[in-house]
There are 2 protein chains.
Amino acid sequence: LIKASIITIGDELLIGQVIDTNSAFIAQQLNANGFAVNRRVAVADEAAAIEQALTEEAKQSKIIIITGGLGPTADDITKPLLCKYFGGKLIVNQTALENVQYIFEHIIKRPLTERNIKQAEVPDVCTILQNKNGTAPGMVFFKDGVCFVSMPGVPAEMKNMMEHDVISLLKKEFKPQPIMHRTLLLAGIGESTVADLLVHFEAALPTYIKLAYLPNYGFLRLRLTGSHTNEQELLAKIESAFADLQFLVKENLVATNDEPLEKIIFELLDSKKLTLSTAESCTGGFIAHLITAQAGASSFFEGGVVCYSNQVKKDILQVQETALQQNGAVSEAVVIQMAEGALQQFKTDYSLSVSGIMGPGGGTAEKPVGLVWICAANQQKHLTLKLNLRFNRETNIKLSAMHALNLLRTLMAQ
Amino acid sequence: LIKASIITIGDELLIGQVIDTNSAFIAQQLNANGFAVNRRVAVADEAAAIEQALTEEAKQSKIIIITGGLGPTADDITKPLLCKYFGGKLIVNQTALENVQYIFEHIIKRPLTERNIKQAEVPDVCTILQNKNGTAPGMVFFKDGVCFVSMPGVPAEMKNMMEHDVISLLKKEFKPQPIMHRTLLLAGIGESTVADLLVHFEAALPTYIKLAYLPNYGFLRLRLTGSHTNEQELLAKIESAFADLQFLVKENLVATNDEPLEKIIFELLDSKKLTLSTAESCTGGFIAHLITAQAGASSFFEGGVVCYSNQVKKDILQVQETALQQNGAVSEAVVIQMAEGALQQFKTDYSLSVSGIMGPGGGTAEKPVGLVWICAANQQKHLTLKLNLRFNRETNIKLSAMHALNLLRTLMAQ
């Protein structure tokens, strides 16, 4: 496999003010297209640190993808360093300047400043990549057989460039050998148990196919990755291994692709023209957010209630006062009434309800932090699930949402 | 400043399956306590790659924080490599073993396997850090004056260890010089405009105080960071610079601390014993999620409606059919009715409503993708805001939520 390094530039990454989502996106794109990411390095907005990273990574990778360090503020010193490193001088690129002018005239609607014009300056030894979502162009350099691509750090700008220009450029330049991935999603089984189950399976895999364990919030993804010059042989072997793998873990199998659970729910509902509503207490809208983060969710998602107080549970979802008093808000009886209330209020085919104690406060001896009740319902029946989570608030919310979506999937499969 | 490097280990980081949130957390902790993060490196689960990273980073940093590579599956090869690198052999640590046994007996409630017991093995040349949230202990090594800390990659496990053990250990060992941060949050002004405004301010800063620009979803954070052996002088200078900075950007000032907007809203409402409800169309529950992700939100947040369909807007929020027909769901008239409906339905002091077109589909010539209407209301008055966003769906949702929270803050300040 052709090796790539990712260099992210920016003090904000080193002080931890920003979570680096760019690297994961770039790595996904490279991997899906037959390149292997070797290392990822984050460095400060300092010429010496950037230069060191370029030099070191070029020793071990044929492709160096750089993001960040191209913004308009004074602390950006990447472009002069690139001039020094590749031997060139800064010139205004006419195409990039026209793009900056267009954005200021039609979108930002403010006059151009000196600082904005500087965004169109690039070293005269690069090829530029047009930025369809911002003012800083991308830049491509070659040195000693290594390809360097520099992109802005704004995710939307970088993503568009990466998908539309960089991948095709790299494929043309390096002609990578075929790579294939197959992914399974499992629930209700731990990493070490699966590993014991798969000892012989792993040992029997051809050397060019690898198995990775990717645990995530109580679920486990298993991913086969193969790369081989002979595409036919690779396809046959990876499909055969994938079939074996599905058989071995069939008891805990949730999905046979790499899609998030909310996408699986989307497809199940959308393909059958069924509708969904939510009634969330402890997850506080997070399930509705996961669902509506997907384009086209309005075709099946009618809406939801975040019923943080008992009053809202009673007023909108018709939860009975007696159910609340006898069982408490975090109980099987109440989540069933919440789910049934949502079915009625929103007139949907399915509904999903959650009530729990996310912590750190609010727990009692009888109902400790981490206790969660979930109900998935349709007009005919319902399923309930009780969780005893033991993480922090953020993780408890995410885990509850994932288990709720999986319970809905289980009900839909019945 | 004492320099630190962060090394994250794991194939999942290099294939982009997982977004690295650990590095940001570790960097924040180190920075807040007087250590400067020099570089962050992510490497594969391969002995050679890990060894190379240890060797290289130890040349430039006194502190090396390592996460990942300690899970129970077969692809983990970190501990043998640590034995080789530091010169030691794997032995079962009794304290770590007791922790593993406790977790299996009381929490997981399954018998221990061989693989689980191996989690308690550590090189005999390290000091262990107890893992309160999982089975893999942390490990501390010293070599040639450099301190190496290895922690599991599971965020909850790592965070607990970092906050409770690692920081105090590093402070005791390295006695870092005082570091101070002051952060401002601005809205409605671009990075380049602020930079022009602050040219003289930046030039006049003492060399030991730096200004960073941290743009995020239409808002801009300005952060002053200073470090000096004389704590009194540092405090005086950074406070004085911070006062100047606040004066220079006062037109666009949102907050004078490093808290997220939802935290600012929390404090405003909670301190005045006021309540809030939400009525979200296009943001789909994301605002409710931001609010309820905070512990204690139930003291002021009654609940919300995700009114994705017009029917829900009418049924729960009493939006008038005529308002929908005459203006469409994405209109000033409808968001006002949504906010007023939420005030009534949830009986709260304040409400916040959003309706918009998040894309990529659903736009028209008259109402393009990115058009968003927001309303913040109380019983006496309301404020509305119209946005024309031009990002992808994910970013449009986040931006709408941030602007909505800021509109509520503005209303509360009146």
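This is a predicted model: local features need pLDDT of at least 70, side-chain atom pairs count only at pLDDT 80 or more; totals for chains, interfaces and linings use all residues.

Putting chain A and chain B together buries an area of about 6,800 Å², and carbon and sulfur atoms give 52% of that area. To the contact, chain A gives 83 residues and chain B gives 83 residues.

Let me turn to the polar side of this interface. Between chain A and chain B there are 6 salt bridges. One salt bridge joins the side chains of Lys347(A) and Asp315(B), with an N to O distance of 3.3 Å. On the side of chain A that touches chain B, the residues comprise 35 nonpolar, 27 polar and 21 charged.

Strand S14 of chain A, residues 301-307, pairs with strand S14 of chain B, residues 301-307; the pairing is antiparallel and runs over 5 bridges. Within this pairing, Val306(A) has Gly304(B), in S14(B), as its bridge partner.

I now come to chain A on its own. Chain A contains 16 helices and 17 strands, and its C-alpha trace spans about 75 × 60 × 40 Å along the principal axes. How much of chain A is buried? Of its 414 residues, 58% are buried. Finally, among the contacts in chain A with a separation of 6 or more, 66% are between residues 24 or more positions apart.

Thank you for your attention.

Methods:
Residues are numbered from 1 along each chain as its sequence is written. Chains are lettered from A and ligands numbered from 1 in the order in which they are written. Side-chain values use heavy atoms; hydrogens and water are left out. Contact means heavy atoms within 4.5 Å. Buried area is the accessible area (1.4 Å probe) that two parts lose on being put together, summed over both. A salt bridge is a side-chain nitrogen of Lys or Arg within 4 Å of a carboxyl oxygen of Asp or Glu. Ala, Val, Leu, Ile, Met, Phe, Trp, Tyr, Cys and Pro count as nonpolar, Asp, Glu, Lys and Arg as charged, and the others, Gly among them, as polar. Two strands pair if DSSP finds at least two bridges between them. Helices (H or I, at least four residues) and strands (E, at least two) are DSSP runs, numbered from the N terminus. Buried means under 20% relative accessible area, exposed over 50%, partly exposed in between (1.4 Å probe, protein chains only).
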